[in-house]
Amino acid sequence: MSGRAEKKTYEGKSITVTFEAGRCLHAAECVRGLPEVFDPGERPWIRPDGAEAERLAEVIRRCPSGALQYRLEG
């Protein structure tokens, strides 16, 4: 299995974000929407605790490919 097909999980205190690189269209909705959470130049590139969970969920819902998904905790 290619590493690009893997789903990676990024856990925060109140939200968990998953990312499937193989589905990503690189539209950059995430980076433009919340650069304090999504920074492709950093590792990890997704930091779920960088914004309020509801705001992060709103930006993730704009992902055109569905490569980003989320689960609210609690």
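Ser65 is buried, at 15% relative accessible area, where buried means under 20%, exposed over 50% and partly exposed in between, using a 1.4 Å probe on protein chains only. You'll find Ser65 in the loop between helix 2 and strand 3; helices (H or I, at least four residues) and strands (E, at least two) are DSSP runs numbered from the N terminus. Leaving out neighbours within four places in sequence, Ser65 is in contact with Arg23, Cys24 and Leu25, contact being heavy atoms within 4.5 Å.

A word on the ground rules. This is a predicted model, where local features need pLDDT of at least 70 and side-chain atom pairs count only at pLDDT 80 or more, while totals for chains, interfaces and linings use all residues. Residues are numbered from 1 along each chain as its sequence is written, and side-chain values use heavy atoms, with hydrogens and water left out.

Now for the core. In soluble globular proteins, nonpolar side chains tend to be buried together. Here the largest nonpolar core has 20 residues, and those with the most contacts inside it are Phe19, Phe38, Ile46, Leu56 and Leu68.

Cys30 is buried, with a relative accessible area of 13%. Not counting residues up to four places away in sequence, Cys30 touches Pro35, Phe38, Trp45, Val59 and Leu68. The C-alpha atoms of Cys30 and Val59 are separated by 6.1 Å, although the two are 29 residues apart along the chain. Val31, by comparison, counts as partly exposed at 26% relative accessibility. With the neighbours within four places set aside, Val31 is in contact with Phe38 and Pro40.

How is helix 2 arranged? Ala53, Leu56, Ala57, Val59 and Ile60 are buried in helix 2. They're on the same side of helix 2, because they cover an arc of only 165 degrees around the axis, the arc being that of the directions from the helix axis to the C-beta atoms. An α-helix has 3.6 residues a turn, so residues three or four places apart point the same way. On the other side of helix 2, Glu54 and Arg61 are exposed. The cover over the buried residues of helix 2 includes strand 2, helix 1 (29-33) and strand 3 (68-72).

Over in strand 1 (residues 7-11) there's Lys8, partly exposed with a relative accessible area of 44%. Lys8 touches Val17, Thr18 and Phe19, not counting residues up to four places away in sequence. Lys8 and Leu68 are 60 residues apart in sequence, but 9.7 Å apart in space, C-alpha to C-alpha.

Next, the backbone. Most residues other than glycine have a negative phi, and most peptide bonds are trans. His26 has a phi near 60 degrees, a positive value in a residue other than glycine, and Ala28 has a positive phi of about 65 degrees although it is not a glycine. His26 lies in the loop between strand 2 and helix 1, and Ala28 is found in the loop between strand 2 and helix 1 as well. His26 counts as exposed, at 61% relative accessibility, whereas Ala28 is partly exposed at 28%. Then there's a cis peptide bond joining Arg43 and Pro44, with omega about -5 degrees; Pro44 has its place in the loop between helix 1 and helix 2.

Last stop, the largest pocket. It is lined by 18 residues, of which Phe19, Cys24, His26, Cys30 and Trp45 lie nearest its centre. Helix 1 gives the most to this lining, with 3 residues.

Methods. Core = buried A, V, L, I, M, F, W, Y, C linked by side-chain atoms within 4.5 Å. 1 Å grid on protein atoms, 1.4 Å probe; cavity = no way out; pocket = protein on both sides within 12 Å on 5 of 7 lines; lining within 4 Å.
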